[in-house]
Structure formats: structure tokens, C-alpha cells
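User: I am new to this structure. Please walk me through the terms used for it.

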Amino acid sequence: MNNIVLIGFMGSGKSSVGKLLAEQTHRTYIDLDQKIEEDTGDTIPNIFKNEGEEGFRKRETEVLRALSSREGTVISTGGGIVERKENHDVLKEHGPVIYLHASFEEISARLEDDESRPLWSKPEVERKNLLEKRLPVYKECADELVNTDHKSINDVVNEIESLIKS
Ligand code: S3P
């Protein structure tokens, strides 16, 4: 197996951390959002527009399940992967699950001008509620939690490396 699975809210650094972690640990980097876009030949905002969030979630589960034969990878997931309970076991089957935690303030600063995430373009109160609702679910799904606030990508990667070695 030998995979590492990254979960966490939008803007928690899963992609940047995942890429560097893959490079440093000689694993293949897999980005679920990217795979969904490649498979559909469309962007995530368009998938949300045309198929609704439900359509996107269905695709997300399919892509996650399809990874079951992969080995030696770092899998970066979309922030909503924990929304479907059926995904929880699949995540754990793929490998140790690392939750990259970030505070709402930090996420807001990182995603300030972002327009590529349909659920981030909602009013602030909804974004905050979404994070609060998901927080316990991320923790429940994770084997390890890494707080990313005020840390560089390098720091986070090194922390994950020492966690998976111990
Ligand atoms: C989503 C997060 C996004 C992407 C989609 C939905 C979410 O991924 O999958 O916009 O529900 O939190 P990132 O976490 O990589 O931004």
C-alpha cells in the first residue's frame, strides 16, 4: 500500500504539501480534484453548475474508489471528501490519513482572491459553518492531525515525514 492520504478544508495546503511530500518521499502525487477534471474534461465550477454538488460528490466517490489498486502515492483529496460517510472507510483503506488543520482566519487569508471554489464563494457565515461542521469529521477520519497555521509548506512536510516514520 504505502500511500499517504491528505484531508482538510479548502486552503489547508493539501495540494502544495502533497506535491512536496510526494517528491521528498519518492511517491507519486495524485490530486483527486485534478483527476475529476481530467475524467470529465470540465472544471469543478462547471461540474457544480451543471450537475450540482450531488453530481460532483458522486464523481468524487467514484474517483476515490478507483484508486484502490494504487501503491506508493500521496493522495490529495478535496475538502468535501468527508461529506459522504461511505468515503470514510475508503480513505482509511488507502493508507494513513493525515488531517491538515487550518483556522478560519488562516484559510481566509490564503483564499482571499480565490474564485475557483464554488463553496468558498458563499457568504462568510456559511463558509464558517461549513468548516465548523466538518471539523469533527476530519478529526474522526484522521490518524494524525497536523496544524498548518503559521507554518511553511516545508515545515508541514517535515512534520508529516516524522509522523509516518514513528
Ligand atoms: C470542496 C473543495 C475543493 C473541491 C470542490 C469542493 C469542498 O477542493 O473539491 O470545490 O467541498 O470543500 P480543495 O479542498 O482542494 O479546495
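**Strands, cores and exposed histidines**

Analyst: S1 and S4 pair in the parallel sense, over 3 bridges. This is a predicted model, where local features need pLDDT of at least 70, side-chain atom pairs count only at pLDDT 80 or more, and totals for chains, interfaces and linings use all residues. Residues are numbered from 1 along each chain as its sequence is written, and side-chain values use heavy atoms, with hydrogens and water left out.

User: What makes S1 and S4 a pair?

Analyst: Two strands pair if DSSP finds at least two bridges between them. S1 and S4 have 3 bridges, so they pair. Leucine 6 has isoleucine 98 of S4 as its bridge partner. Strands (E, at least two residues) and helices (H or I, at least four) are DSSP runs, numbered from the N terminus.

User: Why is S4 called mostly covered?

Analyst: Of its 5 residues, 5 are buried. Buried means under 20% relative accessible area, exposed over 50%, and partly exposed in between (1.4 Å probe, protein chains only). Val97, Tyr99 and His101 point one way from S4. Ile98 and Leu100 point the other way.

User: Why is histidine 26 called exposed?

Analyst: Its relative accessible area is 73%, and the cut-off is over 50%, so histidine 26 is exposed. Histidine 26 is found in the loop between helix H1 (14-24) and strand S2 (28-31). Its phi is near 55°, a positive value in a residue other than glycine.

User: What makes histidine 150 count as exposed?

Analyst: Histidine 150 has 74% relative accessibility, against a cut-off of over 50%, so it counts as exposed. Histidine 150 lies in the loop between strand S5 (144-147) and helix H7 (153-165).

User: What makes a nonpolar core, and how many residues has the largest?

Analyst: A nonpolar core is a set of buried Ala, Val, Leu, Ile, Met, Phe, Trp, Tyr and Cys residues joined through side-chain atoms within 4.5 Å. The largest has 34 residues, and Ile7 and Phe9 have the most contacts inside it. Among the elements that give two or more residues to this core are strand S1 (4-7), helix H4 (85-94) and strand S4 (97-101). A second, separate core of 12 residues includes Val17, Leu21, Leu100 and Val146.

User: Which residues of H4 are buried?

Analyst: Asn87, His88, Val90, Leu91 and His94 are buried in H4. What covers them includes S1, H3, S4 and H6.

Definitions and conventions. Contact = heavy atoms within 4.5 Å.
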